[in-house]
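Good morning, and thank you for making time for this presentation. I would ask you to look at the model on the screen while I speak.

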Amino acid sequence: MTSLPEELILDCVARVPRCYHPILSLVSDKFRSFVTSPEIYMVRSLLGNEDHSLYVAISKNQTSAIHWYTLVRKPNNNHWLVPIPSLPPMPLHGSYVVSGSSIYVMGGFHHWGLITPSVSRIDCVSHTVQPLARMPTAVACSVSKLVDGKIYVIGGSDTRPRKLKSSSKRIMVFDTEAQTWGFTKKRPAGWDVSQRWLSSVETADKIYMRSYQNSYVYEPKKGTCTIDRILHSKEWSNSCVLDDVLYYYDVRKNCLRAYDLKERAWGVVKGVELGLLDDGSWSCTVNYGRSLAVFLQKVIALTETTEIWCAQIVVERYEGGDIWGNVEWYNLVLDGNACIMNCLAVKM
């Protein structure tokens with residue numbers, strides 16, 4: 001291939017799924033430059049070959065800084081989480097927003113315990129970081145979601161993790177185009193300013209959030225907030241939305257749960273059982289293109305280490321409303337002393 005014109009090589013490489021790019025980059029310096037060039041993503045977009053890449057924020061012990069990993073496919077078709085060395089350590093308990101091929105990192109705790117107002121944008125094409133305008137108020141553990149080009153930063157803590165409390169009565173808003181900060185006029189009525197957010201998803205310009213007390217549906221454009229008690233009847237966390245259905249893996253009951261956002265009804269995805277895990281287990285479900293990626297973190301009591309497993313599941317709804325899942329693959333992706341803090345799917 002190296003004897004071909006560079007335009008043809010670029011066209012060929014652009015047709016290869018991105019999960020194989022780490023392998024291609026080992027072929028030669030020229031191939032490495034191809035898979036990391038902005039041009040390849042322009043060609044992929046024109047060809048309609050865009051796919052999703054999984055980025056995982058990992059802390060060694062839930063108290064150290066965040067390091068970023070990405071899921072890659074090995075030549076034997078197994079998958080593995082590999083670190084991204086060009087990305088520097090980042091604050092703990094920041095919030096993350098995906099926009100295009102970028103990840104916005106909002107606030108968080110420095111390793112010495114101080115909250116930072118810093119905001120940065122990770123370019124997932126070049127794996128570089130760009131600092132952006134700082135938040136008006138430094139927060140950590142907030143909910144940050146993108147709606148119509150604006151990132152809404154909701155709640156959070158203005159002190160150490162053991163004394164979490166809300167720091168702002170209004171919601172901070174970051175305009176990703178103008179790169180400027182502002183505030184909503186007021187916090188919606190019925191909002192408990194002292195609560196801690198445990199999980200959140202965004203879909204159809206609505207932000208769904210869960211605290212200890214209730215699950216809320218916030219509509220930024222209308223400035224309204226309502227309580228969804230049916231949604232709150234399950235301890236949903238680390239969830240995602242695909243085709244108007246919220247999914248999360250319940251490690252206690254060993255099942256993939258589904259909540260129809262339109263019908264407001266819970267169900268269980270049939271045909272999916274990833275195996276019971278020990279106490280201290282944790283899960284995260286991500287919208288991975290047209291399927292789901294489920295990360296399971298298992299604590300190994302004897303060695304006091306962790307194993308991180310991942311499954312790709314294709315879900316399909318049949319007549320009558322039943323949802324069935326098919327596990328495409330399921331394998332160990334990382335072992336050692338590691339804790340997943342967040343998982344994100346980036347379209348590239």
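Asp29 is exposed, with a relative accessible area of 59%; exposed means over 50%, buried under 20%, and partly exposed in between, with a 1.4 Å probe and protein chains only. Asp29 forms a salt bridge with Arg32, and their closest N and O atoms are 2.6 Å apart. By salt bridge I mean a side-chain nitrogen of Lys or Arg within 4 Å of a carboxyl oxygen of Asp or Glu. Arg32 counts as partly exposed, at 36% relative accessibility. Both residues lie in helix H3, three residues apart, about one turn of the helix. Helices (H or I, at least four residues) and strands (E, at least two) are DSSP runs, numbered from the N terminus.

Two notes on the source. This is a predicted model, in which local features need pLDDT of at least 70, side-chain atom pairs count only at pLDDT 80 or more, and totals for chains, interfaces and linings use all residues. Residues are numbered from 1 along each chain as its sequence is written, and side-chain values use heavy atoms, with hydrogens and water left out.

How many salt bridges does the structure hold? There are 12. One of them joins Lys221 to Asp205, with the closest N and O atoms 3.1 Å apart. This pair links distant parts of the chain, 16 residues apart: Lys221 is in the loop between strands E14 and E15, and Asp205 in the loop between strands E12 and E13. Lys221 is exposed, at 55% relative accessible area, whereas Asp205 is partly exposed, at 31%.

Asp148 joins Asp205 and Lys221 in a network of salt bridges. Asp148 is found in the loop between strands E8 and E9, and is exposed, with a relative accessible area of 56%. Its phi is near 55°, a positive value in a residue other than glycine. Most residues other than glycine have a negative phi.

A further salt bridge pairs Lys262 with Asp244, with the closest N and O atoms 3.4 Å apart. Lys262 lies in the loop between strands E18 and E19 and Asp244 in the loop between strands E16 and E17, so the pair ties together parts that are 18 residues apart in sequence. Lys262 counts as exposed, at 65% relative accessibility, while Asp244 is partly exposed, at 29%.

Finally, Gln179 also has a positive phi, of about 60°, although it is not a glycine. Gln179 sits in the loop between strands E10 and E11.
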